[in-house]
Amino acid sequence: MTNLHPVSFSLNGQPVEIEIPAHTLLIDLIRDRFGLKGTKRSCDMEVCGACTMLLDGDPISSCTTLAVDVDGKEITTIEGVTPPNGLSRIQNAFVLHGGLQCGFCTPGFIMAVTALLKANPHPTDEEIRHYLHGNLCRCTGYIKIFEAVKSLAAEQVSEDAALPVARQRNFRLETS
Amino acid sequence: MSSVRPDLIEKVTGRAEYITDLTVPDMLHGFVVRSPAVHARIASIDTSAARSMDGVVDVLIGEDVASFGCWGVVLKDRPIIAIDRVRYVGEPVAIVIAETIEIAENAAERVDVGYEELPRAATIQKAMADGAPLIHEHHENLQDFYFKGGAKPTQGSNIFHTYRNNVGDVDAAEAAAAYVHEDHFTFPAISHFAMEPHAVIADFKGDSLTVWAGAQTPTAVQKVLSRLFGLQLAKVRVIVPFVGGGFGGKASVKIEPLVAGASWKVQRPVRVAQSISDSMLTCRRLGAEVTIRTAVDAKGRILAKSAKLLLDGGAYSDTGSAVATKSANRIIGPYAVPNLRLEASAIYTNTVPGAAFRSIGGPQAVWAKESHMDNVAAAIGMDPAEFRLKNLAARGERTRPDLRALDMDMSELMGRVTQSFASESQASNRRSRGMAVAATDPANTPIANAIVRLKIDGSILVSVSSIEVGQGAHATMARIAAQTLKQPFSAVSTLRTDTAVAPYDWGTGASRSTVVVGLSVENAALDAADQILDMVVDVWELPKESLSLVEGGVSTGSEVLTFHQIFHRTLGVDSGEVVGRGAITPRSKKGALAESPLFWETSAGLAEIVVDEDTGEIHVPRYASAADVGRVIDRVAAEGQDEGAAAMGFGHALYEQLEFEDGQPVNATPIDYTIPRISDVPPVFDTILVENGDGPGPGGAKGMGEGAILPVAPAIANALFSAYGIRITDLPMTPEKVWRALQKRK
């Protein structure tokens, strides 16, 4: 019988409490127990950044973080930075600049850029490249990702401003 | 904003669903036990300890499914799971099927497999040596199964395909030549490294099978599963949600038969979600050994070219035969060469199976031919750009009699990349430049079907088998339908790929979707338009010539009838739709699409490099990439395709090699294998898309997305050669290789 450990933390601003085996990984807890599937598992060994979440605002690889270690902390996932109606200005910049293709690495990039701009709202080109060094993308060649982040670095906007819904009125989200 | 791709919104918010985000009721999890042996007989498999664990439902091994026989897409050489023998490290030998992935993974460690090592042949040389162990004893060819044609194996050898094409008389031309130059190049195996590893859910229920797979060619998966398990095509359903990168690594058929076999065994849905490390043991680009020889006259005109390419096909053939054939075609380049002797073979080795990968056979061939071009130019004392220009085939000229005439001007692409660097007329002392060009013949089989449904409220549904793998195919199909029907893009939805809904199409690859599937969507939209106009003709008794589609309805010249009005009055009820059907076959457009290639995929690349002479490290501060795409449909997406292809080319050029030591994978994990990072792409990057509206696709589009990978490695190597006189002949151009070459020169 596996011993269960109580863990309580803030998940996207909501307090949560759960009992889990000690070896549970944060990515599995968030995806399988809380059903938040936006975070993607790719390399599973902390080299690709696809599973990036924020722990007290800093990016971490959730594929190699034990869930028991986030007790008492704040966890933010892609669901937590997505406004209920619309896109964050970071998400909007990625869409407008074409900073994504297959999308599998994208939630991780959005989280990393969220942390970057929070810490450093106007990063230089070198700072952008350095900060995103740990996020791999096989589709875009990074050029449009870089352009998206550079456009944000140049903006004088409050970083929490969500894109007004009106700007997306023409989208139709499909449910297959 | 109205033109924003809906899939990007879903992806950027994390709402987009990939295979591993799906849950099928009653679903079990499979964990694959893989061979640690390079080539071995399976002496025993003991699954009893694994089976006895709580939560383990069953274990699939080869003898369970041996009666189904083998499958393949060109040669039928692959069992569902290893039966009595393993041929490479990583080959699946058992699947533990359990209630949770955790239980399956733990139980997998208790599957005990006994191996008896067999003699191995893990390299091209060893596989072709006299007395080499045979990796497959016989070759069952499947003619016209996936591609037109089949393989030409050499019985009693490891050569599973040889393609030859001879034009003119190379020997006579060489005898008459002023100069003949020969070079030898090698190209390594390369991992696709899609961010989403292979994952499949299979659900066998009696005589029907549903498979959720990130498959680029869902109808090929459907066909292989149908034949393998003896099911009607209509009873095999393949559903493809968003796919997290493919690059050919999810084309043809990969782990679908394996997972379907597991589901067949337990008659419940089974999911296998691989890790990237597993996927690195699933397929990879074919490595190559290339010998190339060119004969020129005193004025620098190429008289003859011969090339022999040996491709390392790995343990199972997959589409390796087609890769070999294409490598022979793609080594010609955009040049007018009157005499050709081309030969390419694909060879079985005891390594991870080779597979299609962005421009099949292209990077291998272009690496050799474009490096070789600069060597020949240097040998005859001619500027390499001038040597190329002198020998280019003109628009409308054929590079080989059996290939369609060139549909572009390579001099235009060369001019555009050169112009891109014009702001700095000369490279500084520390910097040097190199160029390379490519012309490739995509295998874009002209077979596709589409359905376009126009509904009473003016909304439109497009149904195609093309998958959405990031290239924007679904939005492109929606755009083509919107433009053809004169309706806003926002009115059109493209359904997720599902063979139970979408009509037959060959598949997503070979840069074919925009052109071939796009034409079928255009035809389907025209068919829908025709039907709605006929309603007006019939009910309003107006001549068809006076009618035209406008946003939201049909203009009669004097008034606009809304779709609503038209359906309501025609059908008598306030409902309805028209269903437009469009098909493309080799007979479409009076056979104009049948000749291969349907269009040429072409590119030019110009690289500026800086070499750290102390370490041998190459930096590329600047790169220009040009491709002739006919017409751009979605500029951001189109540029992104070529930028992604070029970045992959930087990986091929400088970092990437899936290494084997006597068959043992050395670096098949994401920690040990390096792909480019954001800091590795040139800070100055110019993406040039040439548009002359001269392609066969909608509005004059050609296919694109593969060409830009091709010139990168030889352009960098040519820059290195131009600055230092050193010629690297094997990829990747690691600091160590460059440093050693620099030392040797001194």
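Which side chains meet in a salt bridge at 3.1 Å, N to O? I found Asp278(B) and Arg34(B). I took a salt bridge as a side-chain nitrogen of Lys or Arg within 4 Å of a carboxyl oxygen of Asp or Glu.

I noted that this is a predicted model, where local features need pLDDT of at least 70, side-chain atom pairs count only at pLDDT 80 or more, and totals for chains, interfaces and linings use all residues. Residues are numbered from 1 along each chain as its sequence is written, chains are lettered from A in the order in which they are written, and side-chain values use heavy atoms, without hydrogens and water.

I then placed the pair. Asp278(B) is in helix α9 (residues 276–280) of chain B and Arg34(B) in strand β1 of chain B, 244 residues apart. Helices (H or I, at least four residues) and strands (E, at least two) are DSSP runs, numbered from the N terminus. Asp278(B) is buried at 18% relative accessible area. Buried means under 20%, exposed over 50%, partly exposed in between (1.4 Å probe, protein chains only). Arg34(B) is buried too, at 16%.

Next I checked a pair between chains. Lys40(A) and Asp21(B) form a salt bridge at 2.5 Å, N to O. Lys40(A) sits in the loop between α1 (26–33) and β3 (52–55) of chain A, Asp21(B) in the loop between α1 (6–12) and β1 (28–34) of chain B. Both are buried.

I also looked up Glu155(A), which bridges to Arg89(A) at 2.8 Å between the closest N and O atoms. Glu155(A) is partly exposed at 29%, whereas Arg89(A) is buried at 11%.

Over all chains, I count 60 salt bridges.
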